[in-house]
Amino acid sequence: WVTIHKDGEKNAKIVKENSTVTIAYNISDFVTGEKFYSSKKQGAKKIHLVQTDEPHGLVEALQGKREGVRATVILLPDKAFGLVGDGEKIIGRRIIRYDFEILKVE
């Protein structure tokens, strides 16, 4: 479940399977709206798609998108943090809202 709020430029780099992507993000609970993480506090994330601990659903949502895309993806627990959560702020079985903007594709 992905909603594109802003598309990238036609000639912008496209995220591929082995890309390294830098994103700005907000992560929150889809049901309650509770905010967990934000690039405003933690800084932008640099994600190497082949070797990452990021949720599988986020990796899938990033692939094929262009640099500059702003989007929201809703991640069910099996594509987010599963039964156990992230070990910090997100408990298990949460449906996650992941808002992101692709800042850079390498």
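Two strands are said to pair if DSSP finds at least two bridges between them. Strands themselves are DSSP runs of E with at least two residues, helices are runs of H or I with at least four, and both are numbered from the N terminus.

Good morning, colleagues. The structure before you is a predicted model, in which local features need pLDDT of at least 70 and side-chain atom pairs count only at pLDDT 80 or more, while totals for chains, interfaces and linings use all residues. Residues are numbered from 1 along each chain as its sequence is written, and side-chain values use heavy atoms, with hydrogens and water left out.

I begin with the hairpin. Strands β2 and β3 form it, with five residues between them. In the turn, G33 has a positive phi of about 85°. Strand β2 covers residues 20-29 and strand β3 residues 35-38; the two run antiparallel and are joined by three bridges. Which residue of β3 is the bridge partner of I27? That partner is Y37.

Is S38 buried or exposed? Here buried means under 20% relative accessible area, exposed means over 50%, and partly exposed lies in between, using a 1.4 Å probe and protein chains only. S38 counts as buried because its relative accessibility is 14%. Its side chain makes a polar contact with the side chain of N26, at 2.9 Å. A polar contact is a pair of N or O atoms within 3.5 Å; within protein, one must be able to donate a hydrogen and the other to accept it, and residues adjacent in sequence count only if both atoms are side-chain atoms. Leaving aside neighbours within four places in sequence, S38 is in contact, meaning heavy atoms within 4.5 Å, with Y25, N26 and G43.

I turn to the interior. A nonpolar core is a set of buried Ala, Val, Leu, Ile, Met, Phe, Trp, Tyr and Cys residues joined through side-chain atoms within 4.5 Å. The largest such core has 25 residues, of which I23, I27, L62, I96, Y98, F100 and I102 touch the most other members. The elements giving two or more residues to this core are β2, β3, α2 (56-62), β5 (70-75) and β6 (96-105). Strand β6 supplies the largest share, five residues.

Finally, the charged pairs. A salt bridge is a side-chain nitrogen of Lys or Arg within 4 Å of a carboxyl oxygen of Asp or Glu. How many are there by this rule? The count comes to six salt bridges.

One of them joins E106 to K46, with the closest N and O atoms 3.5 Å apart. E106 lies in the segment after β6 and K46 in strand β4 (residues 45-48), so this pair ties together parts that are 60 residues apart in sequence. E106 is partly exposed, at 44% relative accessibility, whereas K46 is exposed, at 58%.

Another joins K79 and E60, at 3.0 Å from N to O. K79 is in the loop between β5 and β6 and E60 in helix α2, 19 residues apart. Both are partly exposed, K79 at 29% and E60 at 38%.

D99 pairs with R97, their closest N and O atoms being 2.9 Å apart. D99 counts as buried, at 18%, and R97 as partly exposed, at 35%. Lastly, D29, E34 and R94 are linked in a network of salt bridges.
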